[in-house]
Amino acid sequence: MTVTEENAPASHYDRIGGASSVKAAVELFYDKVLADPVSAAYFADVDMASQRRHLAMMLTVVLGGPNEYTGRGLAEAHQPLNIPVAHYVKVGEYLTVTLAELGVPADILADVQTVLGQVQGQVVSAGNRSGA
Ligand code: HEM
């Protein structure tokens, strides 16, 4: 069976309202990440435009939006940052809390949490996998 655009199920990305909703979520998420000195520190030497791009891509990826990403792979970009599990979990919480605050439905939140679990191994430093 061929899945056409007409009968393909809407992605979470589409259901929450696409790019403009992601943009709104980025603003809120960004505030939370930067208000926490622990997560803010990782972005100290990263320019503002990259930070926003980072957050928008992170959201689009976890919401199953269009994959137009041509940057480095998740592991390549994050392994040098030596991110421990605890910091990863915290940033993931900022993301899910942001989405909940924006009224994103529970089934989407649950899937976002699943994706966060799936990509954790690529983002968290290989030397830090067993804990914080
Ligand atoms: C689901 C989780 C995440 C996703 C999908 C994600 C996605 C990305 C992407 C696509 C990039 C750009 C790579 C490039 O430009 O080549 C990036 C860079 C970056 N990420 Fe993440 N990220 C995640 C979690 C995190 C966490 C938890 C932190 C910090 C605690 C973090 C900190 C950074 C930093 C500092 C950069 C810039 C690295 C550099 O410019 O060298 N990310 N991330």
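Biologist: What should I know before I start?

Modeller: The model is predicted, so local features need pLDDT of at least 70, side-chain atom pairs count only at pLDDT 80 or more, and totals for chains, interfaces and linings use all residues. Residues are numbered from 1 along each chain as its sequence is written, and side-chain values use heavy atoms, leaving out hydrogens and water.

Biologist: How many helices and strands does the chain have?

Modeller: Helices (H or I, at least four residues) and strands (E, at least two) are DSSP runs, numbered from the N terminus. Here there are seven helices and zero strands. The pattern along the sequence is α-α-α-α-α-α-α.

Biologist: What share of the chain's residues is buried?

Modeller: Buried means under 20% relative accessible area, exposed over 50%, and partly exposed in between (1.4 Å probe, protein chains only). Of the 132 residues, 36% are buried.

Biologist: How do helix 4 and helix 6 cross?

Modeller: Start with the axes. They are lines fitted to C-alpha atoms, for helices over the stretch in contact, and angles run from 0 to 180 degrees between N-to-C directions. Angles under 35 degrees count as roughly parallel, over 145 as roughly antiparallel, 65 to 115 as roughly perpendicular and the rest as oblique. The axes of helix 4 (residues 48-62) and helix 6 (residues 85-101) come within 12 Å and cross at roughly 75 degrees. The two helices are therefore roughly perpendicular.

Biologist: Which residues make the contact?

Modeller: Contact means heavy atoms within 4.5 Å. Helix 4 brings Met58, Leu59 and Val62, while helix 6 brings Val91, Leu95 and Leu99.

Biologist: Where is serine 125, and is it buried or exposed?

Modeller: Serine 125 sits in the segment after helix 7 (106-123). Its relative accessibility is 6%, so serine 125 counts as buried. Leaving aside residues up to four places away in sequence, serine 125 touches Gln79, Asn82 and Ile83.

Biologist: With which side chain does serine 125 make a polar contact?

Modeller: A polar contact is a pair of N or O atoms within 3.5 Å; within protein, one must be able to donate a hydrogen and the other to accept it, and residues adjacent in sequence count only if both atoms are side-chain atoms. The partner is the side chain of asparagine 82, at 3.1 Å.

Biologist: What is the phi of asparagine 82?

Modeller: Most residues other than glycine have a negative phi. Asparagine 82 is not a glycine, yet its phi is positive, about 55 degrees. Asparagine 82 lies in the loop between helix 5 (74-78) and helix 6. With a relative accessible area of 46%, asparagine 82 is partly exposed.
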